[in-house]
Amino acid sequence: MKRLNYPFTNEAVRELKVGDQVLISGTIYTGRDAVHKYLHDKNECPVDLKNQIIYHCGPVIVKNEETGKYKVMAAGPTTSAREEPYQWEVMRDHGIVGVIGKGGMGQKTLDGCQKYGCVYLHAVGGAAQVLAENIDEVKNVYLEELGAPEAIWELEVTDFPVVVTMDSHGNSLHAEVLDSSRNIFEELIKDK
Amino acid sequence: MTNEENLSKSTFELLKKTTSELPSDVTKVIKETKARENDGSTAQYAMDIIQKNLDLASRNQRPICQDTGTVLIYVDHPVGFSQKKFTQIAEKEIVKATQAGFLRQNSVDPITGQNKGMNIGPGHPAIHFHEHDKDTVTIKMMLKGGGCENVGAQYALPYTTLNAGRDLSGVRKVILEAVLKAQGKGCSPGVLGVCIGGDRGSSFMESKNQFLRRLDDVNGHKELRDLEEDILESANKLGVGPMGFSGNTTLLGCKIGMLNRLPASYYVSISYMCWAYRRQGVELAKDNTISKWIY
């Protein structure tokens, strides 16, 4: 088990390889479909994402009306593939060093990881309670007008569990599994 | 309490249990899956986290997954039951469950992008009524998230890409292709609900109805039963594994139904359910309190 602690750096993520199980501690920012579209449209980002990690997640969050504090009820990853057209741009223009999500991403993102020094960290999809347990605090919220699932939530996490499935050296577990499963599929459907 | 208040309360209880607890037929298969993965593998790591997540969600009565999905409700009722009244009650309880954090604010206007935050709008919740001869009311509920909904597929046979004709061998090919294309994106290991035949709409609807079946039931239709077993075994040979990490389990189950088709059409509709297969159901007593949990 490896650790990735705040502040995050290019050097630290370059150390990570496909298959590494990693525990993340520090600040991370949620950002999914609407945020990526928002950044792609050249809108100004309300937070500085340099050396930060983006989490593809639309959490269930409840606001305590008395204290004004937010509480995370459930916070697992969403499917990352939808951000494939945009992710490499966010690496280039905003300098993120990590992406947490599920399902993996494609070649553009893999190339971006290699070029800009970023890593794709796979959280277990659906494991919203295990992951929420590792979120200590909601520190802030930005772009709340996009709706709670789509807003940018600034989260403080401890030992947030992920697996490296795309590293900054051009390796992708997703590409490997797709290739090997496609070969098996060809065999399975051969006409007898 | 009045019968109406009881119906509200029972609906809320059903929502709460569906979001936080998987039915026992599913948890049993998930346990078996964990044991089947190799020690120290990433697949086993994923299954460990999944198991831990199920325990936590059920103990704390919190959503298993943050994507609480489309709320699908299936009501079987006798003559005289008011569908309109039930719909009003269900909507009210869904709003309550959303405010309490049992459901995510999940209903978005596709034109304006607006999310009113209460989970009510055109098409949501999706309630299906069926009048039956019994004098009891049963309500079944499923929560189906967007990740797995997105990897569903509908094929029109013949499908020349795979040389898949209008027969069960052709059906088998396209189902397996759907599993291949889904990889881990639908949160594998998942369950397939398949319909052979029907029109485009009824076919997809029936594919989802298949998810109301218990994983351990036996298909009464011999050919379909054989195909279900074949698909499960073959799909697990693909090696996609939990979350697409590679591994021994890609599917937890496969359920296949059929509808008559037109001479000119031959659809195969495949719905994918993630491992967070949230399905519960209740039978109501005369006063609308819960007399029995179905699954």
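Visitor: How far does the backbone nitrogen of Leu251(B) lie from a polar atom of the side chain of Asn236(B)?

Guide: This is a predicted model, in which local features need pLDDT of at least 70 and side-chain atom pairs pLDDT 80 or more, while totals for chains, interfaces and linings use all residues. Residues are numbered from 1 along each chain as written, chains are lettered from A and ligands numbered from 1 in written order, and side-chain values use heavy atoms, without hydrogens and water. The side chain of Asn236(B) also reaches the backbone nitrogen of Thr250(B) at 2.7 Å. For Leu251(B), the distance is 2.8 Å.

Visitor: Is Asn236(B) buried or exposed?

Guide: Asn236(B) is in helix 8 (residues 222–237) of chain B; helices are DSSP runs (H or I, at least four residues) and strands likewise (E, at least two), numbered from the N terminus. Its relative accessible area is 18%, and under 20% is called buried, over 50% exposed and in between partly exposed (1.4 Å probe, protein chains only). So Asn236(B) is buried.

Visitor: Over how many bridges do strand 1 and strand 3 of chain B pair?

Guide: Val71(B) stands opposite Leu143(B) in strand 3 of chain B. Strand 1 (residues 70–77) and strand 3 (residues 137–144) pair in the antiparallel sense, and the count is 7 bridges.

Conventions: A polar contact is a pair of N or O atoms within 3.5 Å; within protein, one must be able to donate a hydrogen and the other to accept it, and residues adjacent in sequence count only if both atoms are side-chain atoms. Two strands pair if DSSP finds at least two bridges between them.
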